[in-house]
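Please look through the sequence and the model shown here, and then follow the report on how the parts of the fold are arranged.

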Amino acid sequence: MAFNNNEEKQENQPIAFKVYSDLFLFNKQKTLLQSNALYQYVLETSVFPKEHPSLKELRDMTEKHPRSHMATPADEGQLISMLVKLINAKNTMEIGVYTGYSLLSTALALPSDGKVVALDITREYYELGLPMIEKAGVIHKIDFREGHALFLLDELLQDENNKGTFDFVFVDADKENYINYHKKVIDLVKVGGLIGYDNTLWSGSVALPPDAPMEEFIRDLRGHVIEVNKYLAQDSRIEICQLTVADGITLCRRIS
């Protein structure tokens, strides 16, 4: 099923077949680009040469994990790093950590006195990446908190001093709760700050009819992703930009 090597043959195939092949390609390569060669070009020319050694070690380790599809791809990690530096972020948050590639990307981009509050339902996967984070010398920037993110966000909101203080928040967690996360995070991020929601194109399934062929886990959460996209587009407190990097990332700048 090497669809990426048969692009010319796909031109004569039904649309549903071509769409399914795109989904297959994303699941293997973590990109929505239809050309695997082009994606490899981006990685090898602009991403991997600039990748921190500890990030590479963490990426290599994670690729061997049974749930490696949950990891942030290297090009998205590079984007997160650039965003943190562009807005001079010092106080950041991540909801959904897994083994910590995006977390480490953020921590490396922060100044020496910067902080990232990392929320995840379990420490199990974070512990796998912890040796690489420690090796990178940024463990002092990370405040890891274990538990359900909605409850942990409520704890943060109970302290009025936390409201409007976060420069950047990255959300890559359970898609069915994205809207619930947004309702809480919007009060924690400062006016002018950024929120990034990952997987907002959901393997391209958001543009497909409901009966299109797709993997079960894609179909199960497709509706939630579509709803959060609509919600963000109608939220007058933010301005948004939806990027086609990786599986889609929607940047939200708080304006009020």
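In which sense do β6 and strand β7 pair, and over how many bridges? β6 and β7 (residues 249-254) pair in the antiparallel sense over six bridges, where two strands count as paired if DSSP finds at least two bridges between them. Cysteine 241 has leucine 251 in β7 as its bridge partner. This is a predicted model, in which local features need pLDDT of at least 70 and side-chain atom pairs count only at pLDDT 80 or more, while totals for chains, interfaces and linings use all residues. Residues are numbered from 1 along each chain as its sequence is written, and side-chain values use heavy atoms, with hydrogens and water left out.

Helices (H or I, at least four residues) and strands (E, at least two) are DSSP runs, numbered from the N terminus. Seven strands form an open sheet with mixed pairing, in the order β3-β2-β1-β4-β5-β7-β6. Its edge strands, which each pair on one side only, are β3 (142-146) and β6 (238-243).

| Helix | Strands touched | Angle |
|---|---|---|
| α5 (residues 74-86) | β4, β5, β6, β7 | about 170° with β4 |
| α9 (residues 178-188) | β1, β4, β5, β6, β7 | about 155° with β5 |

Helix α3 (residues 36-47) packs against α5 at an angle of about 45°, with the axes 10 Å apart. The contact involves Tyr39, Leu43, Ser46 and Val47 of α3, together with Ala74, Asp75 and Gln78 of α5.

Key. Contact means heavy atoms within 4.5 Å. Axes are lines fitted to C-alpha atoms, for helices over the stretch in contact, and angles run from 0 to 180 degrees between N-to-C directions.
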